[in-house]
Amino acid sequence: MKITCITVFHQDLPLEHPYWLSGGRLKFEVLDATFVRIDTDEGLIGWGEGTPWGHTYVPAHGPGIRAGIETIAPFVLGLDPRRILDVERAMDLALPGHLYAKSPIDMACWDIAGQAAGLPIAELMGAGSRTPRPIASSVGAKTVDETRDVIERYRARGYVAHSVKIGGDVERDIARIRDMESLRLPGEIVLYDVNRGWSRQQALRVMRATQDLNVMFEQPCESLDDIAAISAKHAAPVSVDESLVTLQDATRIARDGLAEVFGIKLNRVGGLTKAARMRDVALAHGIDMFVMATGGSVLADTEALHLAATIPDANCRAVWACQDMLTTDVANGRGPRNIDGHLHLPKTPGLGVHPDEAKLGAPTATYTLP
Ligand code: MG
C-alpha cells in the first residue's frame with residue numbers, strides 16, 4: 001500500500017465562550033485547525049487533525065502545521081502508511097522537531113492501518129479498554145463565583161472530572177482552591193492547572209497554604225527546571241503537560257521524580273506513535289496519565305481516546321473533549337460524544353470517525369505522488 005495523495009484543509013473552530021488561561025494572561029476565542037486526508041493506492045482513506053490551542057499557548061500554531069506538511073509531504077508520499085515507524089522516521093528526517101506539524105499525518109496513518117487490519121486503533125496498538133473514560137472539563141474562570149458557575153454548568157452535563165485553571169494571583173488562587181474543595185463531590189476528580197502561571201516562590205506559597213487539602217497542581221511553573229527546583233520543598237502531587245513535549249522530557253521527569261502524572265497532549269508530542277512511548281515510560285515509573293488532544297474537533301478527541309484505551313484503567317485519570325467547547329462540528333454528531341461525562345471508544349476499524357468533507361471547504365493544498 002502506498003500514500004498517493006495528501007490533502008490539507010484549514011478550518012477555524014470558534015469557542016463557545018472566550019477562554020482565559022494563566023490567571024487571565026492568555027485569552028482564546030478561536031482555534032486554527034488543520035485537517036489532513038491521506039489517500040492510498042488501495043482505496044483506503046485516512047484522516048488526521050492538528051489543532052494547537054491558539055498561537056500564544058505554547059510554541060505551536062495552525063499555519064505552522066500547514067507549512068510543516070508542505071515540507072514533509074514529498075518525503076511521505078509513496079510510503080506504506082501501515083509502516084508507521086517508517087513514516088515517523090521520514091518525517092523526522094525531513095523536518096527535525098516541529099512535532100505538532102507531524103501529528104495529523106501520524107494520525108491519518110494510524111487510521112488507515114486500523115482500517116486495513118479491521119481493528120480500532122487502540123486494538124491495533126495492542127489494547128483497547130472498553131471502560132468509558134471520564135472527560136475532564138476545562139474551567140477557565142477567574143473568580144470564586146465564576147468557578148462555581150462553570151463547575152455547575154459542567155456537572156449538569158454529567159462531568160465528574162474538572163481541570164480548574166488557576167495561576168497569577170496567589171491569594172485568589174488559594175481562595176478558589178479552598179472554595180472548590182469545599183464543593184467537591186465524592187468521587188469527583190479535580191486538578192488545579194496553573195498553566196505555568198506561577199513563579200517558584202508563588203508556587204511554594206500556594207502549595208504550602210493548601211497542603212492540608214492534598215490537591216494536585218498541573219504545570220505549576222514555566223519550565224522543568226523550575227518544577228525541579230521546588231520539588232523537594234513541597235508535598236503536593238504534580239502533573240506536567242506543557243513541559244512534556246519530547247521523550248527526553250518524559251524520561252527526565254520520570255528519572256528525577258518531577259511529577260506523579262503525565263498530561264499527554266497528542267498534537268503537542270507529535271501524535272500517537274511518540275505518545276505511546278511516553279505512556280510506557282510513565283507506566284514503568286508508576287506515573288498516571290491524563291490524555292487529551294491539545295485542542296480540536298471530535299477527531300482529535302477520538303485520537304486521544306484511543307491512546308487512553310491502551311492505558312490500564314487504574315492508570316488513566318481522564319481524557320478531554322474539546323469538541324464540547326466549540327460552536328462548530330465537522331463530523332455532524334458522529335464519533336465519540338459526551339455520555340454522562342464519559343467518552344466511549346468506537347468499535348469501528350481505524351479512528352472511528354471522519355469529518356464531513358463538505359464542511360471543510362476547499363483544500364488549502366494537495367500533494368500527489370508524481
Ligand atoms: Mg494543563
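Predicted model: local features only at pLDDT ≥ 70, side-chain atom pairs only at ≥ 80, totals over all residues.
Residues are numbered from 1 along each chain as its sequence is written, and side-chain values use heavy atoms, with hydrogens and water left out.

I begin with the salt bridges. Side chains of opposite charge can pair when their charged atoms come close. The term salt bridge here requires a side-chain nitrogen of Lys or Arg within 4 Å of a carboxyl oxygen of Asp or Glu. The structure holds 30 of these salt bridges.

One of them joins Asp80 to Arg82, with an N to O distance of 2.8 Å. As to accessibility, buried means under 20% relative accessible area, exposed over 50%, and partly exposed in between, using a 1.4 Å probe and protein chains only. Asp80 has a relative accessible area of 17% and is therefore buried, whereas Arg82, with 41%, is partly exposed.

The next pair is Arg155 and Glu188, whose side chains meet in a salt bridge at 2.8 Å, N to O. Helices (H or I, at least four residues) and strands (E, at least two) are DSSP runs, numbered from the N terminus. Both Arg155 and Glu188 are buried.

A further salt bridge is formed by Arg157 and Asp324, with the closest N and O atoms 3.6 Å apart. Here distant parts of the chain are linked: Arg157 is in the loop between H5 and strand S5 (161-165), and Asp324 is in the loop between strand S11 (316-320) and strand S12 (342-343), 167 residues apart. Arg157 is partly exposed at 33% relative accessibility, while Asp324 is buried at 17%.

Salt bridges also link Glu88, Asp92, Lys102, Lys274 and Arg277 in a network.

At 1% relative accessibility, Thr51 counts as buried. Leaving aside neighbours within four places in sequence, Thr51 is in contact (heavy atoms within 4.5 Å) with residues including Leu13, Asp32, Ile65, Asn267 and Thr294.
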